[in-house]
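Please look over the sequence and the model below, and then read the briefing that follows.

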Amino acid sequence: MSRTIVALSTAVGRSAIAVVRMSGDDCVEIAKKIFSPFPCQPNLLKPGVLKTRNFDEHAMCVYFAAPRSYTGEDVVEFHCHGGTAVPQAVIEACLDSGAVMAQNGEFSKRAFINGKQNLTNAEGIIEMIDAETVSAAKAGANLLENKLGQRVVQLQQTLLDVLSACEAALDYPEEDLELPTAEQVRRQIDDVCGALDGIISTSALGKVAKYGIDVAIVGAPNVGKSSLLNALLGSNRAIVSSVKGTTRDTLCESVFYRDIKFNFVDTAGLHDTADEVEAEGIRRAKVAADSADVILYLVEDPSDDTSFPSNKPVIKIYNKSDLYSPPALKQNQLAISAKSGDVEQLKETLYKLFNAGDIQNSDLLITNQRHLSCLRQTADILREGSPQDTLDVISSRIRRAWEKLGEITGTDAQEDVINNIYSKFCLGK
């Protein structure tokens with residue numbers, strides 16, 4: 001018998017409506033004690049009066065009968081007035097009648113336990129809630145729709161078929177069975193590794209979808225770095241001055257372009273200095289460049305043929321193009337005037353540089369570090385060993401890979417992994 005849990009499922013704070021959710025064996029009986037008239041059938045939203053300790057609340061109630069509910073248990077929801085006091089009073093009425101407060105993620109954890117979702121579904125819910133862009137929401141929706149889970153199950157089934165054949169060859173060598181050779185098994189393992197590599201490769205776009213693109217703006221003092229940041233943001237966020245060394249620290253701001261977030265970092269001007277504070281700012285500028293996904297290297301002299309040393313993509317920008325005729329531009333070079341605010345071409349260049357448009361056409365993107373780690377470890381396990389390995393050694397490796405892959409969906413997940421995932425949920429989820 002499961003205890004009946006209760007929590008607020010909508011955001012805390014001033015709002016028109018709040019939803020209080022209960023789940024468990026006694027939730028219908030508890031609801032009948034405090035709400036009247038109780039709905040005569042499941043899935044029917046019924047208006048009525050909900051009795052709290054100090055006042056009667058005019059609310060609506062709906063219940064979902066097990067197993068056709070989010071948690072797989074009986075679920076009751078009260079739709080009441082929003083704010084702080086009213087939802088809290090409704091929760092207290094439920095507690096007074098026998099419910100207990102839910103733990104973080106307990107509703108979704110029960111859904112997992114009752115077979116209503118797997119771990120990737122749950123993580124898809126988290127990613128949709130946390131999404132700041134359409135691309136991030138789409139990646140979360142794909143998880144929620146179990147697209148990664150389906151692919152994982154397919155690969156697990158392939159490994160299981162190979163494992164079964166290996167163990168049959170080992171356990172029943174005297175039987176007249178058509179069994180694989182070690183070389184055939186290795187080829188099948190190579191196919192699975194190729195499929196894993198393909199999924200892993202989507203993590204680059206997945207990072208862009210979820211976190212955006214980190215862009216460091218670097219260059220000598222007074223080349224217009226802060227002016228460029230202001231133009232990109234469409235506001236005067238950074239101080240602009242003709243005095244050298246105005247920017248002495250990194251300044252980070254984000255802007256949304258189409259369906260992607262750009263995280264721009266304005267930095268201190270790069271030059272030799274004996275000033276201790278300026279030197280620290282320059283050090284931080286180099287750190288920002290090292291950690292960025294792409295670097296915007298600004299110069300103001302049309303004859304400047306220098307480059308910024310980095311293993312990251314670098315876009316060289318000839319700024320202040322309104323003051324001179326820009327040179328013949330090469331690949332990854334632009335001439336702009338930050339002062340004029342015309343930076344749409346730069347945003348589009350960044351967007352195309354990372355193939356961000358492909359995100360909306362992708363059904364599967366790896367955006368979760370846990371998933372990426374499991375996929376990489378699975379591939380590493382399968383690639384262990386040598387061509388001289390016998391079937392019993394290969395069989396053991398396949399079993400370990402199957403188990404590691406299963407951690408993604410919860411097929412063989414350790415309890416601490418499951419608890420860690422569901423602890424990230426809000427109380428009413």
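Six of the eight residues of helix α3 (residues 106-113) are buried, so this helix is largely enclosed by the rest of the structure. Buried here means under 20% relative accessible area, with exposed over 50% and partly exposed in between (1.4 Å probe, protein chains only); helices (H or I, at least four residues) and strands (E, at least two) are DSSP runs, numbered from the N terminus. This is a predicted model, in which local features need pLDDT of at least 70 and side-chain atom pairs count only at pLDDT 80 or more, while totals for chains, interfaces and linings use all residues. Residues are numbered from 1 along each chain as its sequence is written, and side-chain values use heavy atoms, with hydrogens and water left out.

**Helix α3**
- The buried residues of α3 are Glu 106, Phe 107, Ser 108, Arg 110, Ala 111 and Phe 112.
- Just after α3, Gly 115 takes a positive phi of about 75 degrees.

**A charge over rings**
- The charged end of Arg 21 sits over the ring of Tyr 70, 5.4 Å from its centre, where "over" requires NZ of Lys or CZ of Arg within 6 Å of the ring centre and within 35 degrees of the ring normal.
- Arg 21 also lies over the face of Phe 107, at 5.5 Å from the ring centre.

**Aromatic pairs**
- The structure holds six aromatic pairs, counted when ring centres of Phe, Tyr and Trp (its six-membered ring) lie within 6.5 Å, with planes under 30 degrees apart called stacked, over 60 edge-to-face and the rest tilted.
- The rings of Tyr 257 and Tyr 351 have centres 5.9 Å apart and planes at 80 degrees, so this pair is edge-to-face.
- Both Tyr 257 and Tyr 351 are buried.
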